[in-house]
Amino acid sequence: MTAQSNIYASVAGYVGRPDEKGSVGVFRRGGADDKWNHVLTHLESHTVLVHPVDPALVLAGTVDGVWRSTDRGTTFRPTRFPDEGKQIWSFLVDSRDAKRIYAGASPLDVYQSEDWGESWRRLTNPGIKDRATAPFPVRVMRMAQHPARPDEIYAALEVNGVMRTTDSGESWEDCSADLIRLSELPHLKSKIISDTFAEGMLDGHAIAISATDPDAVVLACRMGLFRSADHGRTWQDMEMKKFSPVTYGRDVKVAPQDPKTIYCALSVAAASKNGGVYRSQDAGKTWKRFDKVEVHGTIMSVGLHASDPDQVYIGARYQGEIFGSQDGGESWTAMPLPGPVKDVYCVACG
């Protein structure tokens, strides 16, 4: 196991519980101790990235742009970010150039840094039509880069489906028409916060591509996991109900060390008291329950180490619940954040 890995958790506002009190921001736990430190205290954070090449570099996506640490999360400072009050929900490090990083925002925009996240420019607005009227602007929840065609990037949108670029984010196309078609099936209709029963299929949370099957894009959304093998023109239900009693998809990630291994976080709903992490070792054909814990909230994030496959961490929404395994899932340790905290959105390590 890689020594001295840090664990990070992003914490932001409650869902449906605005009057409850609790801390927000970024928490860090050092590999050599068992104590969480509140390292970014004054801004809500929805995502945190440990750079896969340089773990001393940590980026926090906040409700006011990108904040950056160059000392393994000990201190954070604001970056040179062009827009005030922009929420950052996702990061992607370009596979060709470790200095180039993308950030996905709400309201819908994508930003790019060419200097390790120190400064940012806003790319041309994607111009994707809103498919649903929701109580919050569209969020770029996750991005995935094609392993062989790095100019090709897919993004999962909440609540607006999927978009795709073939020119490194300079222009985007909508990949949601077939998701809307699938939403006409009775078991894939879902309307909670918007004006359309396509809402559940458009409620994109994460997206991933495996080098084992590079033309297959896997989307995690409210209605489960869905796969496209034709650049997002059509989507197929991966039928996670065959493997799991709960199918609300919040996260999906390919193991950095083995492209055949994929993890997904499944729960009951956005606000639930149950969930599990499932693992596929055949690039998504079959899945088995991976974790050995009982969570008390929706599992929001699976954190994977860039070089150590034995380290896997889980962040569940409520009560600051974080669990970790450092032996490939054989045993698990509860490592809750010091409370009270608001909701966990992301967990990362490195």
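Does Trp332 count as buried or exposed, and at what relative accessibility?

1. At 15% relative accessibility, Trp332 counts as buried (under 20% relative accessible area is buried, over 50% exposed, and in between partly exposed, with a 1.4 Å probe and protein chains only). The model is predicted: local features need pLDDT of at least 70 and side-chain atom pairs pLDDT 80 or more, while totals for chains, interfaces and linings use all residues. Residues are numbered from 1 along each chain as its sequence is written, and side-chain values use heavy atoms, leaving out hydrogens and water.

2. Trp332 forms an aromatic pair with Phe290, edge-to-face, at 5.7 Å centre to centre and 80° between the planes. Rings of Phe, Tyr and Trp (its six-membered ring) pair if their centres lie within 6.5 Å; planes under 30 degrees apart are stacked, over 60 edge-to-face, the rest tilted. Phe290 sits in the loop between strands E23 (288–289) and E24 (299–304), and Trp332 in the loop between E26 (322–325) and E27 (333–334), so the pair ties together parts 42 residues apart in sequence. Strands here are DSSP runs of at least two residues, numbered from the N terminus. Phe290 is also buried, at 6% relative accessibility.

3. The structure holds six aromatic pairs. Phe81, Phe91, Tyr111 and Trp120 form one aromatic cluster.

4. An open, antiparallel sheet has four strands in the order E8-E9-E10-E11. E8 and E11 (121–122) stand at the edges with a single partner strand each, so one side of each has no neighbour in the sheet. Six bridges join E8 to E9 (residues 101–106); pairing requires at least two DSSP bridges. Leu92 has Tyr102 in E9 as its bridge partner.

5. The second largest pocket holds about 570 Å³ of space. Among its 26 lining residues, Val15, Phe136, Arg139, Glu158 and Ala270 are the closest to its centre. A pocket is an open set of points on a 1 Å grid over the protein atoms alone where a 1.4 Å probe fits, with protein on both sides within 12 Å along at least five of seven lines; lining residues have an atom within 4 Å of a point. Volume is the space filled by probe spheres set on the points. Strands E8 (87–93) and E20 (248–254) each supply at least two lining residues.

6. Ser10, in strand E1 (residues 7–12), is buried at 0% relative accessibility. Its C-alpha atom is separated by 6.2 Å from that of Val48, 38 residues apart along the chain. Leaving aside residues up to four places away in sequence, Ser10 touches (heavy atoms within 4.5 Å) residues including Gly25, Val48 and Cys346.
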